Amino acid sequence: MRAHRLALVSAASALMFALGMPAGAATSTWPDISGIYWTNSYRAKIQPVGGGDLPYTPAAMADYAKNMAAVKTYSLDDKARKLCTPDGVPRILESPYPFEIVQSPDRGEIHILNELNHVIRLVTMTKPLPSPDELETFPFYSGHSAGHWDGDTLVVETAGFNEKTFLDNSGAPHTDQLRTVERIRKINGGKELEDVVTTHDPGVFTRDWSARFVYQARPDLRMMDYACGEKHRDLSPVKGVQGH
């Protein structure tokens with residue numbers, strides 16, 4: 001029995017080493033980014049770092065143009081707004097609603113709890129992403145996420161998305177080849193949280209691109225219930241939220 005326990009400990013240590021985590025990291029050395037955060041600005045169209053348009057292929061750009069036109073006439077088949085399904089990544093990052101990060105080092109997990117649509121993102125910290133076959137067989141709205149720490153930055157890789165979501169609120173399309181990498185850290189003395197997400201999807205883009213989101217730490221807030229089709233939190237403090 002003792003030999004079996006030692007084998008399990010050795011296997012866990014080897015796994016942590018493979019993920020760039022020292023033994024014991026899951027229980028003692030995680031930086032603390034837990035808390036409630038809320039953006040102070042909103043825009044429906046995602047803005048790449050450096051500005052400009054998303055690097056769509058000509059065919060994908062034509063589809064995007066159709067989607068943007070449909071948004072204006074309220075005819076876009078947007079399940080996240082009609083059925084309250086998860087927004088997916090990176091769209092959920094531009095939400096004007098608060099979210100909470102809950103860290104569970106003893107379980108090797110981080111949960112990102114979004115008020116909007118009650119979306120819960122699980123980030124596993126002690127195992128890699130599922131195999132390509134599993135990702136293809138079990139695609140999720142929010143994908144599958146695996147993370148690790150790079151100093152004080154949480155790095156989250158997500159893949160295995162279905163094709164029922166958009167990349168933003170303007171109808172930006174993607175394919176099931178979508179993969180994202182987020183780098184999440186506290187800035188400004190812990191008063192803000194930064195999330196820089198890099199998007200990879202060779203099915204629609206000519207190159208990878210990144211977007212940056214900054215949120216205010218809001219320990220004064222409590223997460224509120226969200227019921228699809230009912231009135232929700234007052235979003236008037238969020239700049240640009242009109243018409244959301």
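## A buried charged pair

Arginine 91 counts as buried, at 2% relative accessibility. This residue belongs to a predicted model, and the values reported here are computed from that model. The partner of arginine 91 in a salt bridge is aspartate 87, and the closest N and O atoms of the two lie 3.6 Å apart. Aspartate 87 is likewise assigned to the buried class, because its relative accessible area is 1% and buried means under 20%.

Side chains of opposite charge can pair when their charged atoms come close. Aspartate 87 and arginine 91 also take part in a network of salt bridges, which links them with Asp78 and Arg81. For the model, the count of salt bridges comes to 12.

Which residue forms a salt bridge with glutamate 115? The partner is arginine 233, with the closest N and O atoms 2.8 Å apart. Arginine 233 is buried, with a relative accessible area of 12%, and glutamate 115 is buried at 3%.

A salt bridge also joins the side chains of aspartate 150 and arginine 183, at 2.9 Å from N to O. Here, too, distant parts of the chain are linked: aspartate 150 is in strand 5 (residues 144-150) and arginine 183 is in strand 7 (residues 179-187), 33 residues apart. Are these two residues buried or partly exposed? Aspartate 150 is partly exposed, with a relative accessible area of 40%. Arginine 183 is partly exposed as well, with a value of 35%.

## The barrel

Nine strands form a closed barrel in the order 1-2-3-4-5-6-7-8-9, and their pairing is mixed. On average, neighbouring strands of this sheet are turned by 30° against each other, direction ignored.

Strand 1 (residues 35-38) and strand 2 (residues 99-104) provide an example of antiparallel pairing, which extends over three bridges. Within this pair, isoleucine 36 has glutamate 100 in strand 2 as its bridge partner.

## A buried threonine

Strand 7 contains threonine 180. The relative accessible area of threonine 180 is 0%, so this residue is buried. Which residues are in contact with threonine 180, leaving aside its neighbours within four places in sequence? They are Val89, Val156, Glu157, Thr158, Phe161, Val197, Thr198 and Thr199.

## The nonpolar core

The largest nonpolar core has 45 residues. Ile33, Tyr56, Ile101, Ile110, Leu154 and Leu193 are those with the most contacts inside this core. At least two core residues are supplied by each of the following elements: strand 1, helix 3 (58-72), strand 2, strand 3, strand 6 (153-159), strand 8 (192-200) and strand 9. Strand 9 supplies the largest share, namely four residues.

Not counting residues up to four places away in sequence, tyrosine 56 touches Met61, Tyr64, Leu167, Ala172, Pro173, Val204, Phe205 and Thr206.

Definitions and conventions: Residues numbered from 1 in each chain as written. Predicted model: local features only at pLDDT ≥ 70, side-chain atom pairs only at ≥ 80, totals over all residues. Heavy atoms only, no water. Pairing = 2+ DSSP bridges. Axes fitted to C-alpha atoms, helices over the stretch in contact; angles between N-to-C directions. Salt bridge = Lys/Arg side-chain N within 4 Å of Asp/Glu carboxyl O. Buried < 20%, exposed > 50% of the residue type's maximum accessible area, 1.4 Å probe, protein only. Contact = heavy atoms within 4.5 Å. Core = buried A, V, L, I, M, F, W, Y, C linked by side-chain atoms within 4.5 Å.
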